[in-house]
Amino acid sequence: MTEGYNFAYLDEQTKRMIRRALLKAVAIPGHQIPFGGREMPLPYGWGTGGIQVTAAVLGADDVLKVIDQGADDTTNAVSIRRFFARTAGVRTTTHTAEATVIQTRHRIPEIPLREDQILVYQVPLPEPLAKLEPSRAETKKMHALAEYGAMHVKLYEDITRFGHVSISYDYPVLVNHRHLMSPSPIPAFDNPKLHMSAALQLFGAGREKRLYAIPPWTSVKSLDFEDHPFRTTRAPHACGLCGATDSYLDEVVTDDRGGRLFCCSDTDFCEGRRPHE
Amino acid sequence: MSDTLLSARDLSLRFGPIVALDGVDADLWPGEVLAIVGESGSGKTTLLHVLSGQARPQGGVVWYRDPDGHEQNVHAMPEPALRALHRSDWGFVRQDPRAALRLDVTAGGNIGERLMAQGSRNYGNIRTEAAAWLARVEIEESRLDDLPRTFSGGMLQRLQIARTLVTHPRLVFMDEPTGGLDVSVQARLLDLIRGLVASLGIAVVLVTHDLAVARLLAHRIIVMQRGRVVEAGLTDQVLDDPRHPYTQLLVSSVLQA
């Protein structure tokens with residue numbers, strides 16, 4: 001552990017401020033809470049929101065896992081994991097089942113989470129209505145009055161033009177039958193895992209300085225029409241490494257002659273299923 | 001006058017030294033078309049905004065009878081209730097349809113928006129309803145999936161009317177609905193509005209500077225000058241036998257074709 005830093009990098013007052021905002025966020029599921037986002041030693045868009053939330057909830061006994069697009073071994077995941085290993089001295093892991101805090105970018109682990117786990121999302125654009133209504137004052141009013149008809153206009157247009165809703169990631173959800181929420185850019189495939197999750201789910205948007213949360217066992221419904229119900233899509237292949245047919249797949253180009261491999265995006269899940277020699 | 005749909009008493013509003021409204025009274029009964037006429041700057045659009053709750057008067061009150069029969073003070077209503085009213089029981093047709101429509105959303109999506117805002121969640125039903133309304137405003141159903149930017153000015157205005165009427169409002173505010181359209185398109189649009197208003201029994205508050213539009217659509221007429229109502233009465237009575245000098249001037253200045 002590196003000397004000279006406060007536990008988990010942020011000072012105690014900042015962590016307290018973030019925890020207060022998180023308590024509000026948990027009290028109003030899906031509602032965005034402003035917080036005084038700090039400069040972090042990594043660029044906006046690399047997880048500054050998630051890293052601040054993680055710093056605020058991390059305790060000395062926690063075990064941290066960081067995933068980026070499902071993988072534990074990419075630059076973003078490795079450097080954030082090492083950051084907390086050095087500034088907080090916490091134990092880190094790549095195994096989902098061993099972790100107590102999981103910071104994630106763009107995926108939810110394949111295996112179901114437990115009540116003693118916290119999932120922290122990195123969020124680029126917290127406002128689900130931003131593309132429909134550019135005014136922040138107006139979107140706040142729309143949230144306050146639960147005027148979410150405009151979002152369905154977007155779905156209507158998709159069905160009209162493409163025959164189905166073409167949103168494949170960051171698919172808008174209604175949390176606790178009340179607040180429209182952006183689930184961060186997780187694939188729509190992962191949306192059902194948000195619903196009635198045993199784990200506490202926290203979302204941090206560093207650039208936009210907003211926090212929100214889904215408490216455990218909360219209803220999360222993906223928006224849809226009665227006659228065009230929400231459904232997930234998945235590449236029609238089995239994982240080329242472990243053979244899984246129910247996991248979310250990455251398509252990996254393997255050579256310059258059209259060769260490609262479909263494999264689980266959740267590397268920990270995939271490794272756990274492969275025989276070890 | 002207990003059965004009025006909308007009733008305004010002693011409205012006043014000043015913008016600095018400019019008197020926009022000065023002791024204005026107005027009444028609207030269910031199913032009636034009321035025209036507000038006057039020259040530019042006479043306060044007619046301000047009156048429309050005050051009646052529809054979009055602007056707050058400095059004095060006076062506007063009463064609205066909701067579908068349950070309760071009288072509501074429009075400017076004392078909480079904002080959620082007023083916005084809900086604007087989404088369902090009321091409609092607002094603007095002069096410029098481009099300001100009211102979503103130009104990057106298909107005609108069907110534009111018409112369906114108010115239905116979805118009211119909680120319709122069945123794609124097939126919304127689409128059927130949108131197609132039916134497109135036909136009612138005399139636009140071919142094959143244009144249902146086209147973007148409004150491919151529509152002509154007259155079609156855009158008819159699309160705006162379909163989008164407004166789809167929730168069957170009881171009261172529609174119209175601000176110069178035929179402004180900026182050529183004469184033959186205007187005539188067709190007026191004919192359409194008259195037919196729809198009569199068949200659906202909608203009450204309309206219509207702002208226009210065009211006396212011909214008022215004569216064709218309105219049952220009653222209010223003539224405004226410098227924020228005051230100078231004459232009010234049945235349309236034919238006011239236009240055929242104007243009593244106030246200003247109304248006489250307005251009527252006599254209409255070009256005879």
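A word on conventions before we start. Residues are numbered from 1 along each chain as its sequence is written, and chains are lettered from A and ligands numbered from 1 in the order in which they are written. As this is a predicted model, local features need pLDDT of at least 70 and side-chain atom pairs count only at pLDDT 80 or more, while totals for chains, interfaces and linings use all residues; side-chain values use heavy atoms, with hydrogens and water left out.

Buried here means under 20% relative accessible area, exposed means over 50%, and partly exposed is in between, with a 1.4 Å probe and protein chains only. In a regular strand the side chains alternate between the two faces of the sheet. Here B:R220, B:I222 and B:M224 point one way, B:I221, B:V223 and B:Q225 point the other way, and all are buried.

Which strands does strand 9 of chain B pair with? Two strands count as paired if DSSP finds at least two bridges between them. Strand 3 of chain B, residues 33-37, runs parallel to strand 9 and is joined to it by 4 bridges. Strand 10 of chain B, residues 228-234, runs antiparallel to strand 9, with 6 bridges. Please look at B:I221: B:A35 has it as bridge partner, and B:G233 in strand 10 stands opposite B:I221.

Strands 9 and 10 of chain B also form a hairpin with 2 residues between the strands. In the loop between them lies B:R226, whose phi is near 45 degrees, a positive value in a residue other than glycine. Most residues other than glycine have a negative phi. With 63% relative accessibility, B:R226 counts as exposed.

Over in chain A there is another positive phi in a residue other than glycine, near 65 degrees at A:A8. A:A8 sits in the segment before helix 1 of chain A. Is A:A8 buried or exposed? It is buried, at a relative accessible area of 0%.

On to hairpins in chain A. Strand 11, residues 249-253, and strand 12, residues 260-264, pair in the antiparallel sense over 5 bridges. A:E251 has A:F262 in strand 12 as its bridge partner. This hairpin has 6 residues between its strands, and A:G258 in the turn takes a positive phi of about 85 degrees.

Now for helix 2 of chain A, residues 48-57. The buried residues include A:T48, A:I51, A:V53 and A:A56.

Helix 1 of chain A, residues 12-27, holds A:R19, which is partly exposed at a relative accessible area of 33%.

Last stop, the loop between strand 7 (171-175) and helix 7 (183-200) of chain B, where B:G180 lies. B:G180 is exposed, with a relative accessible area of 80%. Its C-alpha atom is separated by 8.3 Å from that of B:D96, 84 residues apart along the chain.

Thanks, everyone!
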